[in-house]
Amino acid sequence: MRIDLSLYLVTDPTLCARHGLVETVVAAVRGGVTVVQLRDKHASDAELTDQARRLKAALAGSGVPLIINDRLDVALASGADGLHIGQDDGDVARARAALGPAAILGLSVQRHDQLAALDPQPLDYLGLGPVFATATKHDHAAPLGFDGLAALVAKSPLPAVAIGGLKAEHAARVRAAGAQGPAVISAICGQADPEAAARAFFTD
Ligand code: TZP
Ligand code: MG
C-alpha cells in the first residue's frame, strides 16, 4: 500500500492526555500529520480497541491512516489501517498473512544487522531510530545521529521514517538524510498547540 510518511505521529497515553487523545490527533492532522500510530504499552486489548475505533471515526475522510503499535489482535478487531511492530514483536510474514494485502505493515529497525536480516516483501515501511536519545522511550537503543540515520537509510530496501528526539527544527535534516519524514511523540503530543506544533514541521 502507498503511504504518505511526510509526518508520522505516534501517540502516548500520558503526553496526549493534555488535550485528550482524539482531540490531539485531530488537531495534529489539521496541522499536517499524514500518518497516526496508536501506541500504548499498558492499555488492555479492549481499551486499545475502543480508542482505535474512536480514532478511526475521527480520521474518517481525512485520508490519514491509523496504525496500531504491537497488537495484531487490536489492529484486526478495530478496523485500523495497519500495524507497526518492533524487532521482538513477532514475525512480519505472519503479521502480513493475518492482516491481508491491503493493510499497512511497518517495522522498527535500530541497526545495520537488523536491516540486512529483514525480508522487505511483507513490509511497507521502516521506522529507523532513535536519532537522538529521548525520555519518551525508556529502553531505547543507541542513538544514530543524522550520519547514522543516513547510513541506515542508504541501505534500506523500503521507505523509512526517522524517530527519536526529533523536533520541527530537525525536519529538513531528516529529509536530507533520505528518510521520508520524521516520526514524533513529544514534539506534538506534549505541546500546548498540537496543530501549530505539527505545522512547524513543514516550515523549512
Ligand atoms: N521509538 C524509538 S524512539 C521512540 C520510539 C517510540 C520515542 C519517540 O518519542 P519522542 O518524544 O518523539 O522522542
Ligand atoms: Mg513493539
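Trainee: How many other C-beta atoms lie within 10 Å of that of D70?
Mentor: This is a predicted model, in which local features need pLDDT of at least 70, side-chain atom pairs count only at pLDDT 80 or more, and totals for chains, interfaces and linings use all residues. Residues are numbered from 1 along each chain as its sequence is written, while chains are lettered from A and ligands numbered from 1 in the order in which they are written. A residue is buried if 20 or more other C-beta atoms lie within 10 Å of its own, exposed if 12 or fewer, and partly exposed in between, with C-beta atoms placed from the backbone. D70 is partly exposed because its count is 19.

Trainee: What is the phi of D70?
Mentor: D70 sits in the loop between strand 3 (66–69) and helix 3 (72–78); helices (H or I, at least four residues) and strands (E, at least two) are DSSP runs, numbered from the N terminus. Most residues other than glycine have a negative phi. D70 is not a glycine, yet its phi is positive, near 75 degrees.

Trainee: Which two residues are joined by a cis peptide bond?
Mentor: Most peptide bonds are trans. Here P130 lies in the loop between strand 6 (125–128) and helix 6 (145–155). Omega is about 5 degrees in the cis bond joining G129 and P130.

Trainee: How many residues of helix 1 are buried?
Mentor: The buried ones are L21, T24, V25, V26, A27, A28 and V29. Their cover includes strand 1 (8–10), strand 2 (35–38), helix 2 (45–59), helix 8 (186–189) and helix 9 (194–199). Helix 1 is mostly covered, and of its 10 residues the buried number 7.

Trainee: In which strand is S108 found?
Mentor: S108 has the "binding site" annotation in the unreviewed UniProt entry. Its 21 C-beta neighbours inside 10 Å are why S108 counts as buried. Leaving out residues up to four places away in sequence, S108 touches G86, Q87 and G127. S108 belongs to residues 104–109, strand 5.

Trainee: How far apart in space are L107 and I85, C-alpha to C-alpha?
Mentor: L107 is also in strand 5 and is buried, with 25 other C-beta atoms within 10 Å. Beyond four places in sequence, the contacts of L107 are I85, V92, L118, L123 and L126. L107 and I85 are 22 residues apart in sequence, and their C-alpha distance is 5.0 Å.

Trainee: Which residues come nearest to ligand 1?
Mentor: A residue is near a molecule or strand if its C-beta atom, placed from the backbone, lies within 6 Å of it. The shell has 7 nonpolar, 7 polar and 1 charged residues; Ala, Val, Leu, Ile, Met, Phe, Trp, Tyr, Cys and Pro count as nonpolar, Asp, Glu, Lys and Arg as charged, and the others, Gly among them, as polar. Of the 15 residues around ligand 1, the nearest are T134, T136, G164, I185 and S186.

Trainee: What is the radius of gyration of the chain?
Mentor: The chain has 9 helices and 8 strands. The radius is taken over C-alpha atoms, and the globule rule is 2.2 Å times the number of residues to the power 0.38. For 204 residues a compact globule would be near 17 Å, which agrees with the chain's 16 Å.

Technical notes
Two residues are in contact if their C-beta atoms, placed from the backbone, lie within 7 Å. UniProt positions are given in the numbering used here, feature names are shortened, and annotations may be inferred rather than shown by experiment.
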